[in-house]
Every structure is written in structure tokens, then in C-alpha cells.
Amino acid sequence: MEFSNILQNLISGVSIGCTYGMIGLGVVFLWQSIERINFANISSAMLSAYLFYSFYTVLHMGFALSFACSIGLVAVYGLLLRYLIYEPIVRAGGGKLEFVVATLMVCVFWLTVIISTYGGLPRAFPPVFGGIADLVSVGGVRLPQYYLYIFGVVVALMVSLHIFLNKTMVGKIMRAAAQNPTAAQLMGINVNRVTSLSFMLATSIVGVAGILLAPVYFVSLELGGGTIGIKGFASAVMGGLLDPYGTLVGGIVIGILENFSTLFISSIYKDVISFVVLIAALVCSPTGIFNWSGKKQ
């Protein structure tokens, strides 16, 4: 086995794994806020990809404006999930199971809408990150240019989130409300507003992941759930549903595992790896393999 093949699969695995971790971040943010698993978050990746595709190729709005409008609408979608799904269920006395079932049905709804509007066939993503023929050399290995864009955007986003959550007042308020909503409310924090922000932030992050994954998986229904969603959920579980950094590492591990399973075994089994990792994580360490914050407490 040539070293160049190993390095190529390692770099591409890390890049794709970062996006899985971003999908997992959407799960983590809402779990910290309301202790609910929101499967409708996963559909944000598909919606953002199709919205960007429409804005960029049909309306010719340009990259920056198409990106901003897509993520903005996905953020509004997160807010609607709160007021149209979460709040009615809570008022009716429903629990976690009812919310999970409802958000699963929302995923099915959007899959049906996309099929009715765009058809079921995948569409090529605009080459805004470079096409398949646009290659760059990394350590003597030539890779598609969009892998570097994916890695760069994820690093920039994680640094921004770290600064936001740890250095800004709004971020500290979000962390306080997530740790103890009752105490935060007694201290004068508007927990209601923080919850809305959590819903919007969760769908926005997953929306960015959808746009980054589209050059690899095309603008397709696969972004709306299925194996993509499972990999994101597995990343969150490996982080213990609490640690954003552990979630990102979990996604990278999954990305590397599936790439090397393709290299050494067969591409047929690469998605099976995600199921195996998720089951192993739940069985061996239900609190999360990479839950460093939980180990410190």
C-alpha cells in the first residue's frame, strides 16, 4: 500500500468527518438547551443545499448572497421548529418520545416536498469550491480543492464558536442557561430567548454542513437524513451529547474509519462502519467516548 493513498484517505476522511461533526453539533446544542433529540435538524443540511442551489443557479444571486440567504432561512426554520413543534408538544404535556416522533415526521415531510419540487435525482452542486478537476497538492498527494475548503470553513467555524461561547456575554449566557435553566432565570437571564437562539444556531450549523457536503454527496435527498444523519448523530453520541469538541473529534474518527474501510475492505461496508461505531459507543460508553467535559466534573 502506497503512502500517498494512505495520506489521501486520511486528509479526505478528516475533511468529511469534520462536516459529520458539525451535524452532530446541532444535536449537542439542542440537547444542552432542552434535552431533546431533534431529528428535524438533519433536514437542515438538505434544505440549505437545495436553497443554495436555487439561489445560485436559478436566481444567479452570487455566492455570498446565496450562502447568507440559505443559512438565514434555515435559521428561521429552526425558530419555527420551536414554536410549531416543540412548544405545542410541551403545552400538551408531551415528552421526549413525542418530540422525537414529531421531528422524524418533519424529516419525512421535507423529503416529500423536495421530491415533489426538484425530483428524486441528485443535482450537481455549483463548482463554488472548485470542480472535480481542480486539484491541489498536499504532501505530494493531489486532492480535490473542495476538501481544503471544507476543512478551512470547519476550522474557522469552530474557532468562531469557541470565541462566541467562551468570550462573549451572549455565549456565556447560553452556557449558563444550558447548565441550569432555573438558576439562570432567577439571575435575570431570559431563558426563552436563549432557547430560541439555540434552535436557530443548531439548524444554522447543520445548514453550513449541508452546503459543505453537497460537492461530495451532490444536492440530493441523502443530505436530508439516512446515513448522513446517522453519522452526525453518532458523532454527537461519541461526544456524550455535551461536548462540542468531542463531537467534532467523533465525526473525524467516523470519517477516517469509513475512508479506510473503503481503502482496505470495500466501499459497500463504509456506511456499516457508522452503525457499528454508534452501537459500540452506546454499549461501551453511554456517556460518550470523548466527553472530556463530563470527565472533568
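Student: Which word describes Ile265, buried or exposed?
Tutor: The model is predicted, so local features require pLDDT of at least 70 and side-chain atom pairs pLDDT 80 or more, whereas totals for chains, interfaces and linings use all residues. Residues are numbered from 1 along each chain as its sequence is written, and side-chain values use heavy atoms, without hydrogens and water. Buried means under 20% relative accessible area, exposed over 50%, and partly exposed in between (1.4 Å probe, protein chains only). Because its relative accessible area is 61%, Ile265 is exposed.

Student: Where does Ile265 lie?
Tutor: Helices here are DSSP runs (H or I, at least four residues), numbered from the N terminus. Ile265 lies in the loop between helix 10 (244-264) and helix 11 (270-284).

Student: Where is Phe218, which has a positive phi although it is not a glycine?
Tutor: Most residues other than glycine have a negative phi. Phe218, however, has a positive phi of about 65°. With a relative accessible area of 41%, Phe218 is partly exposed. Its place is in the loop between helix 8 (191-217) and helix 9 (226-238).

Student: What is the phi of His60?
Tutor: His60 lies in the loop between helix 2 (43-58) and helix 3 (63-91). This residue is exposed, because its relative accessible area is 64%. Although His60 is not a glycine, its phi is positive, at about 55°.

Student: What distance separates the C-alpha atoms of Glu2 and Tyr146?
Tutor: Glu2 is found in the segment before helix 1 (3-34). Glu2 and Tyr146 are 144 residues apart along the chain, and their C-alpha atoms are separated by 23 Å.

Conventions. Helix = DSSP H or I, 4+ residues; strand = E, 2+ residues; numbered from the N terminus.
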